[in-house]
Amino acid sequence: MFHPAGFPRRATRWSGLALLLAGALAGCAPPEPESPPVEPEAALDSQPQALSYPNGSSRTVVSRRVVYKDSAGNYQAAPGFEQFRAAGASDSTLHAIRIAQVEAPSMREAIVLMSAGQKISSSGHSSGVTGQASDWDASCDGVSCPNVLLDGRSLAMKLNALGWFPPGKTHLSVVNDNNFDHLFDSDTKQRIVNGFVRWLEAQVRPETRAIYLAGSSRGGCLVMRIAQALRANTALDGINIYVSSFDGVCRNSQGELGTFDTKINNPVRPWGTFYGGWATNLSAQFPRRQGLYMYQVVGGQEVAPATGIRAFSGYAGTTPPSTGTHLDWGWYKQTWVRWAHKEIGNPYTEPSTSDQPRVISETIDAQLTWLDGLL
């Protein structure tokens with residue numbers, strides 16, 4: 001397994017549906033009105049205990065629009081983000097995408113990108129991945145959001161403090177709003193993905209040896225699709241790509257990430273729920289897997305009732321099983337958790353106080369434990 005030198009290892013779009021989704025993909029999903037499942041919960045071997053990692057320091061950053069409005073109200077490509085507009089998505093779509101470059105050194109041995117989930121409602125949304133609070137967009141104008149606070153407990157700030165990727169030589173960005181809308185048509189989504197891919201490729205330097213991508217909900221689907229494109233680029237074969245997905249949601253009716261209309265039941269789902277993931281043959285989605293490492297933590301709660309919007313699940317073999325198991329194929333790992341979609345997306349605010357330590361352990365710290373074992 002490639003071990004990068006110098007990386008120390010350490011322990012209204014659709015108004016009716018929008019009302020249902022408002023806050024759901026952002027981490028505020030209402031309870032599912034479900035009947036008891038047909039099958040009882042499946043027993044799984046216990047998972048190895050995740051290590052506990054210290055919090056980082058909170059940071060205040062500027063989150064910039066990749067396409068902004070000038071004083072005359074005209075759209076302009078933001079300096080340094082020109083790749084997004086060149087990929088062809090509409091200016092109105094790109095105007096909602098906001099990215100904070102937390103660290104942007106000239107030397108880049110590693111590139112790290114983390115994305116929050118989809119923002120549906122007019123308010124912001126919190127994320128345990130990026131560290132943004134629910135009111136992160138309160139300071140936004142037509143150009144940027146100048147005072148976005150990133151919580152030190154977040155994956156982004158924990159990883160930054162751990163220094164596993166070289167301090168001073170790691171490009172770290174957080175996507176506060178990816179506008180990777182579940183309801184967009186496939187072409188618009190592809191143009192958004194292409195914009196992110198081209199922008200990330202522009203950050204690569206001769207010394208770059210690792211790219212780490214992380215995202216929750218729609219952000220989880222986004223980083224999987226970005227990784228798909230990056231790994232297909234043979235010019236990046238000398239770079240290891242690591243991907244963390246937190247209940248990543250892809251649209252099965254579009255075949256996004258190869259998902260289709262077969263649900264794999266969550267074997268540890270709470271009694272009375274139908275948590276599960278839309279099946280996808282990830283081996284077919286990622287034919288080039290050298291230097292590729294991916295981990296999906298999946299609960300599979302339907303994000304909004306009667307919408308069919310839920311996370312994806314990989315499977316092995318020719319046909320999906322009716323009930324899943326934990327997976328570890330070397331290049332792809334997947335663990336099932338009993339937590340609701342919003343709890344996986346932000347384990348610091350959404351679960352009950354008594355559940356928070358376990359949810360953090362099985363989401364944020366589980367992903368860090370996995371990454372720790374690879375670096």
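Let me begin with terms: two strands count as paired if DSSP finds at least two bridges between them, and the helices (H or I, at least four residues) and strands (E, at least two) are DSSP runs numbered from the N terminus. What you see is a predicted model, in which local features need pLDDT of at least 70 and side-chain atom pairs count only at pLDDT 80 or more, while totals for chains, interfaces and linings use all residues. Residues are numbered from 1 along each chain as its sequence is written, and side-chain values use heavy atoms, with hydrogens and water left out.

In that sense of pairing, strand E1 (residues 59–65) runs antiparallel to strand E6 (residues 144–150) over five bridges, and within this pair Thr 60 lies opposite Leu 149 of E6. E1 is also joined by two bridges to strand E4 (residues 98–103), again antiparallel, with Arg 64 standing opposite Ile 99 of E4.

Turning to another part of the chain, there is an open sheet of three strands in the order E10-E11-E13, with mixed pairing. Strand E10 (263–265) and strand E13 (312–314) are at its edges, and because each has a single partner strand, one side of each is left without a neighbour in the sheet. E10 pairs with strand E11 (residues 276–280) in the antiparallel sense over three bridges, and Asn 265 has Gly 276 of E11 as its bridge partner.

For the chain as a whole, we count eleven helices and 15 strands, and 58% of the 375 residues are buried, meaning under 20% relative accessible area with a 1.4 Å probe, protein chains only.

Definitions and conventions
Buried means under 20% relative accessible area, exposed over 50%, partly exposed in between (1.4 Å probe, protein chains only).
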